Amino acid sequence: MDWGAFFNMGGYAFYVWGTYALAVVILGINVWLPIRELRRQQKLLQQESQE
Amino acid sequence: MFKIASARHFYPLAGKLLPWISALTAGLIFYGLYLGLFVAPPDYQQGETVRIMFIHVPSAWMSMFIYASMAIAAATSLIWKIKLTDIFIRCSAAVGASFTLLALLTGSLWGKPMWGTWWVWDARLTSELILLFLYLGYIALVEAIDDERRASRAGAVLLLVGVINLPVIHFSVEWWNTLHQPASVAKSGGPAIHPDILVPLLVMAAAFKFYYVAVVLVKMRAAIIASERHTQWLQGLKG
């Protein structure tokens, strides 16, 4: 496996890896924020039911 | 069916399903990336840029699939007024907008090396951009109206009017002359792609579908807690 050629993507590294980087960022945010919000809501609920 | 449609039954069910759907999503993504980046050969015309397709095309499919799901849910919501349906629609909007943005941006990254331009105002690209504005318009409209029921109704009407854009996106490459290539998978006579390219494309498409389901389930659970906080069943669950 030639890793240099793999990362070079036939000279299109910016476009190909840019695509995959955008996917990771955009889809990552869409997972991270909802999980954070769910945890926050669950915590609030727990606090309220203990009162 | 109607039992599942109530938040009380949906909340724990979603919690049980989530680990499985998440695991399936992760597995499909890794398998799809492996096939797309290591197994699929470079295209004889487009070279390595063909790998952009494994993100771009499934994203574009998702942008339309999510909008169609929201519109169908909107139609049923106007008729039967099930609260969970409205929660589903609201929780889908941001994911749908994100896939639309991803399709547009990755299309740009593909267009530059292959067409020599980041953007053209042709039918396919313009109608996909309109789809993004429909998502953003829906989100803004629902956020702007305080009364929950009125917000849902107004949002549902907007979604249904915007449905007209979906066939325009799909057939745009046939109706108008465009730089964008015509459909290769969803065409009469079956897909015109080699399996080495088609299989990773379909695996990524499946991965994105399950990703969407997982994200929506998480968001719906949070939204259910937010709206039903003071009900007894939720208090009894202890998180």
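Chain A has two helices and zero strands. With a radius of gyration of 20 Å, well over the 10 Å that the globule rule gives for 51 residues, chain A is more spread out than a compact globule. Keep in mind that this is a predicted model. Chain B is helical too, with eight helices and zero strands, and 24 residues of chain A are in contact with 32 residues of chain B.

**Chain A on its own**
- The C-alpha atoms of chain A fill a box of roughly 60 × 20 × 10 Å along the principal axes.
- Buried residues come to 20% of the 51 in chain A.
- Helix 2 of chain A runs over residues 13-50, and at 1.5 Å a residue its 38 residues should span 56 Å; the end C-alpha atoms sit 54 Å apart, which agrees.

**Chain B on its own**
- Along the sequence, chain B reads α-α-α-α-α-α-α-α.
- Its radius of gyration is 20 Å, close to the 18 Å from the globule rule for 239 residues, so chain B is as compact as a globular protein of that length.
- The box for the C-alpha atoms of chain B is roughly 65 × 35 × 30 Å, again along the principal axes.
- In chain B, 37% of the 239 residues count as buried.
- Take the contacts in chain B between residues at least 6 apart in sequence: 76% of them join residues at least 24 apart.

**Where the chains meet**
- The side of chain A that touches chain B divides into 14 nonpolar, eight polar and two charged residues.
- The buried residues of helix 2 of chain A are A:Tyr15, A:Val16, A:Thr19, A:Ala23, A:Leu27, A:Asn30, A:Pro34, A:Leu38 and A:Leu45.
- What covers those buried residues includes four helices of chain B: helix 2 (53-80), helix 3 (83-115), helix 7 (195-228) and helix 8 (232-237).

**Helix 2 of chain A against helix 3 of chain B**
- These two helices pack at an angle of about 170 degrees, with their axes 10 Å apart.
- Angles over 145 degrees count as roughly antiparallel, so that is how helix 2 of chain A and helix 3 of chain B lie relative to each other.
- From helix 2 of chain A, the contact draws on A:Tyr15, A:Gly18, A:Thr19, A:Leu22, A:Ala23, A:Ile26 and A:Asn30.
- Helix 3 of chain B brings a set of residues including B:Ala94, B:Val95, B:Ser98, B:Leu101, B:Leu105, B:Trp110 and B:Lys112.
- By class, this helix-helix contact has twelve nonpolar, five polar and one charged residues.

Methods. Residues are numbered from 1 along each chain as its sequence is written. Chains are lettered from A and ligands numbered from 1 in the order in which they are written. This is a predicted model: local features need pLDDT of at least 70, side-chain atom pairs count only at pLDDT 80 or more; totals for chains, interfaces and linings use all residues. The radius of gyration is taken over C-alpha atoms; the globule rule is 2.2 Å times the number of residues to the power 0.38. A residue is buried if 20 or more other C-beta atoms lie within 10 Å of its own, exposed if 12 or fewer, and partly exposed in between; C-beta atoms are placed from the backbone. Two residues are in contact if their C-beta atoms, placed from the backbone, lie within 7 Å. Ala, Val, Leu, Ile, Met, Phe, Trp, Tyr, Cys and Pro count as nonpolar, Asp, Glu, Lys and Arg as charged, and the others, Gly among them, as polar. The expected span of a helix is 1.5 Å times one less than its number of residues. Axes are lines fitted to C-alpha atoms, for helices over the stretch in contact, and angles run from 0 to 180 degrees between N-to-C directions. Angles under 35 degrees count as roughly parallel, over 145 as roughly antiparallel, 65 to 115 as roughly perpendicular and the rest as oblique.
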